[in-house]
Amino acid sequence: MRVGIIGGGAAGLAAALELTNRGHCAEVFEAAPFLGGQASTFEVGGGQLERGYHHLFVSDTDMVELINELGLGDSLEWLESRVGLFYDGRIWDFATPLDLLRFSPLPLAQRIRLGVWTFLLQKTRNWRRFEGVTAAEWTRRHMGDAAYRVIWEPMLRGKFGDYYDQVSMTWLWGKIYLRVASRKRMQKERLGYPMCSFGTVFDVCGERIAEQGGRVHTGARVQRINIAGGAATGFTATVGGGPEQDYEYDAVIATTPSYIFTRLVPELPDAYRAVLESAQYLAAVLVILVLDRPLTSKYWLNVADRSLPFVGIIEHTNMIDRILYGGNHIVYLTNYPDRSSELYRKEPAELLEEYLPHLRRINPHFSRDWIIEYHHHRVDGAQPIIGVNYGDRIPDHRTPFQSLYLANTTQIYPEDRGTNYSVRMGRQVARMVMGDANG
Ligand SMILES: Cc1cc2nc3c(=O)[nH]c(=O)nc-3n(C[C@H](O)[C@H](O)[C@H](O)COP(=O)(O)OP(=O)(O)OC[C@H]3O[C@@H](n4cnc5c(N)ncnc54)[C@H](O)[C@@H]3O)c2cc1C
């Protein structure tokens, strides 16, 4: 078979790898000048750094398998993560049950209640029971008003902005249930990171696809998917800024966000289009500071104080050896805004100026001359909003057109989006394509 794949992120590359592993020809078109999509990297201090912070949980077995299959297993390390919570003007340790017991902003009874329910969530496999209730409602009812106000509401507002009270409890269950797999009883969590970087994993994946007879194009934007007789026949694309050209395939797999896919196929029937259009996404906006010294001692710092203009501080070099980045310290300041928001549109320098004064609240010694350089990235389609009863609204991978398939992050459920699930989905959809072709 000849299969055209739109998107060179985790899903598109995994699909192409699976197809070429089984002797088929897969051709990947990636609009950006690099592979890896949301998990792509750029150069900092001589090393490759993710545009958005990335790590793996122990439960991310499909990514681990991919890394091993590509011969990069030796570069995968499992490291202790140091997690904190910024609340009431200070950083609290927030990694173990003991840390929770010591978290004095909540009355002791509330801490115990929070701990018991968190433990029960970690042990609950049946996520379907959370489908019909929002995380806001559930946490307030079960964990109490104070825990909701101090921990969950700021977290949900930070991650989902104005949609904070619409997010399903299934989403929060996924975060808590899967995260615990990265932690042994009463021990600190370990997170995985390929020391060669996520970008390199996906570059090597692209090389493997090419060695197996596939092709991978970057700077290659698909303009429309061509439909004839109720089936996809291929697509029209520009490669390297050249003229539009038609490419013919036996099947097409699109891995773009839904709002791009609907533009690529104007002929989509109304019912399927409506499902796709009901999917809402938030973008991610990242300011990355390259510092000459550490800002905090934490890898992951949740900011439970909405007077700060960012929702998380991920100090990458508090988990990954800074030697990889020329000895510099790397700090991500993160937000998940709507693409129509002012924050999304802000110029990098303006955003930096807005953020800087607040860093002194995190570390009173912080001074702007610690900054060696900074970077700014916007990642569109970063976080689908998972509302209540979301399971009923997931679009099928098989679209209404024969030989046209969709595999994007809105179809990952009940887990939250992540490289692991895109890899798993990309491989599954590739197998679906091969199965359908065999009748
Ligand atoms: C800030 C941030 C932090 C994250 N942290 C983690 C983490 O710690 N661990 C983890 O596992 N995951 C993490 N993720 C999530 C993970 O990166 C994504 O879920 C995953 O990479 C998505 O892969 P994908 O292939 O499904 O989609 P994408 O990576 O979005 O790939 C889709 C590709 O399609 C391309 N495209 C779009 N339109 C066209 C077109 N017309 N023609 C050609 N190409 C097109 C895009 O350029 C893109 O490369 C994070 C994401 C963000 C934003």
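This report describes a helix pair and an open sheet in a predicted model.

Residues are numbered from 1 along each chain as its sequence is written. Because the model is predicted, local features need pLDDT of at least 70 and side-chain atom pairs count only at pLDDT 80 or more, while totals for chains, interfaces and linings use all residues, and side-chain values use heavy atoms, without hydrogens and water.

Helices (H or I, at least four residues) and strands (E, at least two) are DSSP runs, numbered from the N terminus. The axes of helix 5 and helix 6 come within 8 Å and cross at roughly 155°, where axes are lines fitted to C-alpha atoms, for helices over the stretch in contact, and angles run from 0 to 180 degrees between N-to-C directions. Helix 5 is therefore roughly antiparallel to helix 6, a term for angles over 145 degrees. Contact means heavy atoms within 4.5 Å, and the residues that make it are tabulated here.

| Helix | Residues | Contact residues |
|---|---|---|
| Helix 5 | 135-143 | Ala135, Ala136, Thr139, Arg140, Met143 |
| Helix 6 | 145-160 | Asp145, Ala147, Tyr148, Trp152, Leu156 |

Seven strands form an open sheet of mixed pairing in the order 7-6-15-16-17-14-18, two strands being paired if DSSP finds at least two bridges between them. Its edges are strand 7 (90-93) and strand 18 (371-384), each of which pairs on one side only, and neighbouring strands are turned by 20° against each other on average, direction ignored. Strand 6 (residues 83-87) runs antiparallel to strand 7 and is joined to it by four bridges; Gly84 stands opposite Asp93 in strand 7. Helix 6 lies across strand 6, strand 14 (281-291) and strand 18, running at about 90° to strand 18.

How values were computed:
Parallel < 35°, antiparallel > 145°, perpendicular 65-115°, else oblique.
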